[in-house]
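Subject: Handover of a structure

Dear colleague,

Please find the structure below, together with its sequence.

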Amino acid sequence: ATESLKDELKKLRAAKGALIDDKKALRSKMEAIRAASDKIEADRKKARSALPGKFASLQSIEGEIARLSRMQETTSMSLQEEKRLLKEVDSLEASKATVATVAGYDGALAAH
């Protein structure tokens, strides 16, 4: 009877050891996923901080570009003002890629 109890105890200890190993493996996977998620979040914040002012979506950028283009076409302005306006339009055009990058990071975070 004590032999069968010892065998049973040995089986239970082996099962406990296997469960502990599984737990360690899951924790290491969880830490890797958390680290990847933190890196994506940091990259996303960095990219978002590079966006000009209040324009955080592609739609708002395109709307501002259209507004500035209309202003250039319909308003009388000095050459210096027009150059400044064109630089702002170029800056907004360049920020479209940054907005796409931020959207990609948002998607990657949602996948994690």
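From the N terminus on, the elements of the protein chain run α-α-α. The chain holds 3 helices and 0 strands, where helices (H or I, at least four residues) and strands (E, at least two) are DSSP runs numbered from the N terminus. The radius of gyration is 29 Å, well over the 13 Å that the globule rule gives for 112 residues, so the chain is more spread out than a compact globule. That radius is taken over C-alpha atoms, and the globule rule is 2.2 Å times the number of residues to the power 0.38. Along its principal axes, the C-alpha trace spans about 105 × 20 × 15 Å.

Please note that this is a predicted model, in which local features need pLDDT of at least 70 and side-chain atom pairs count only at pLDDT 80 or more, while totals for chains, interfaces and linings use all residues. Residues are numbered from 1 along each chain as its sequence is written, and side-chain values use heavy atoms, with hydrogens and water left out.

The chain as a whole

Of the 112 residues, 15% count as buried; buried means under 20% relative accessible area, exposed over 50%, and partly exposed in between (1.4 Å probe, protein chains only). The accessible surface comes to about 8,500 Å², and 58% of this belongs to carbon and sulfur atoms. Such areas come from the Shrake-Rupley method with a 1.4 Å probe, and for residues only the protein chains shown count as cover.

Among contacts (heavy atoms within 4.5 Å) with a separation of 6 or more, 78% are between residues 24 or more positions apart. The chain has 22 positive and 18 negative side chains, and the centres of the two sets lie 7 Å apart. Lys and Arg count as positive and Asp and Glu as negative, whereas His and the chain ends are not counted. The place of a charge is taken as NZ of Lys, CZ of Arg, CG of Asp or CD of Glu.

Helix H1

Glu3 lies in helix H1 and is exposed, with a relative accessibility of 52%. From Ser28 to Ala47, 19 residues apart in sequence, the C-alpha distance is 29 Å.

Is Arg44 buried or exposed? Arg44, in helix H1 (residues 2-49), is buried, with a relative accessible area of 18%. Its side chain makes a polar contact with the side chain of Glu41 (3.3 Å). A polar contact is a pair of N or O atoms within 3.5 Å; within protein, one must be able to donate a hydrogen and the other to accept it, and residues adjacent in sequence count only if both atoms are side-chain atoms. Leaving aside neighbours within four places in sequence, Arg44 is in contact with Val102, Tyr105, Asp106 and Leu109.

The loop and helix H2

Phe55 is found in the loop between H1 and H2 and is buried at 11% relative accessibility. Beyond four places in sequence, Phe55 is in contact with Ser60, Ile61, Glu64 and Leu92. Phe55 and Ala32 are 23 residues apart in sequence, and their C-alpha atoms are 33 Å apart in space.

Glu64 belongs to helix H2 (residues 58-74) and counts as buried, at 11% relative accessibility. The side chain of Glu64 makes a polar contact with that of Arg67 (2.8 Å). Which residues does Glu64 contact, leaving aside neighbours within four places in sequence? They are Phe55, Glu88 and Leu92.
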